[in-house]
Amino acid sequence: MLLTSATGQGDGAPGAADDRGASIVPSFEPTSMPESAVPAARVATTSRSATTIRFPYVPQSEYLPTHTNYWEGRGGAAIDYIVIHYTDISYARTLRAFNILASDVSAHYVIRGDGHIAQIVHEADTAWHSGNYWYNLHSIGIELELDRVTNPAFTAEQYYAVAALACAISARQGVLLDRAHVIGHNQVPGSTHTDPGPTWDWPHFMWLTSLCAPPTSATVHASFVSATPYPDISANQGALVSVVLRNTGSTAWRKGTAQEARLGIPGNSPDLAFLGEGWPAPERPAVQREDIVPPGATATFSFKVKGALPGTYVVPLRGVVDGGAWMDDLGMFTVVTVR
């Protein structure tokens, strides 16, 4: 929460510690809002328990840049955090305040009650939002409209919009989507603020980010749970093999998307006798059965084997996500005996 006073001047009172992270006396020479900064029309919102919104969720957005209250660049600092705030005043008043020099505050993004996103400051630049100079340099600030009149409670659209935005920021900047790196204003060292406050549902929000988080070697992991017995078949006989894996990462596995989880065999050779009938190869992986597998849940992968030449075949299995961009050695193998 940046803007706590009725005038919208927030932490910019003379001599106060402003959201740039320093004690200053502002000039109180207001600048006008750019002509281009005309907010898009507000649309109807749904209840917090809405079931009509699904990922992939594409929120509305527009660029309404401020010409003050930020620093160009970040002085070489890496972007490591996303900081969540709420406005305490309306969306329209927030946009005006971010264009008034005397307010001494801004954020990279503002999300209206209907999920509409306005970008105020480029991610490559430093917004004045956290009240801590170091955190300003190393973070992206997102303001959520929460106002007694215009938007008295966080909406389903806001949750989905900020989750989708956090996922996009993670993909661009490499910010880890966990509670150590996605924080509230109240968690910034030295902060006197309480936002996003007790009504902000952190578990729900973090679950939403798992639905759209970009799959990487840092976020996608699995552990073995169970498998059908090793097949013992006659030549030219077929069998079905099923493997159950637990999602131990922070990214959901979503069927039909880049987050789909698959089982493959690295370096598989077409010379192997049982490649037919669906045995997983790099170009033909076994795909998760379930539509969505959130962190902590399990997925089932099934594939067929068919015996040709007698012998015992031991083949390691690995997980594949995003077309093979990530591969995790599960320490798992399956054995097929052909008699």
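1. In this note a residue is called buried when its relative accessible area is under 20%. The model under discussion is predicted. By that criterion, the buried residues of helix H4 are Trp 202, His 204, Phe 205, Met 206, Leu 208, Thr 209, Ser 210, Leu 211 and Cys 212. Helix H4 spans residues 202–212 and is mostly covered, with nine of its 11 residues buried.

2. The N-terminal end of H4 is capped by Asp 201. A side-chain oxygen of Asp 201 lies 3.1 Å from the backbone nitrogen of His 204.

3. Strands E3 and E8 also belong to an open sheet of six strands, whose order is E1-E5-E4-E7-E3-E8 and whose pairing is mixed. Strand E1 (61–63) and strand E8 stand at the edges with a single partner strand each, so one side of each has no neighbour in the sheet. From one strand to the next, the twist averages 25°.

4. Within the sheet, strand E3 and strand E7 (residues 139–144) run parallel and are joined by six bridges. Opposite Val 83 stands Gly 141 of E7. In general, the strands of a sheet pair through backbone hydrogen bonds, in either a parallel or an antiparallel manner.

5. Helix H4 packs on this sheet, where it touches E3 and E8. The direction of H4 makes about 155° with that of E8.

Methods. Residues are numbered from 1 along each chain as its sequence is written. This is a predicted model: local features need pLDDT of at least 70, side-chain atom pairs count only at pLDDT 80 or more; totals for chains, interfaces and linings use all residues. Side-chain values use heavy atoms; hydrogens and water are left out. Buried means under 20% relative accessible area, exposed over 50%, partly exposed in between (1.4 Å probe, protein chains only). Helices (H or I, at least four residues) and strands (E, at least two) are DSSP runs, numbered from the N terminus. A polar contact is a pair of N or O atoms within 3.5 Å; within protein, one must be able to donate a hydrogen and the other to accept it, and residues adjacent in sequence count only if both atoms are side-chain atoms. Two strands pair if DSSP finds at least two bridges between them. Axes are lines fitted to C-alpha atoms, for helices over the stretch in contact, and angles run from 0 to 180 degrees between N-to-C directions. Contact means heavy atoms within 4.5 Å.
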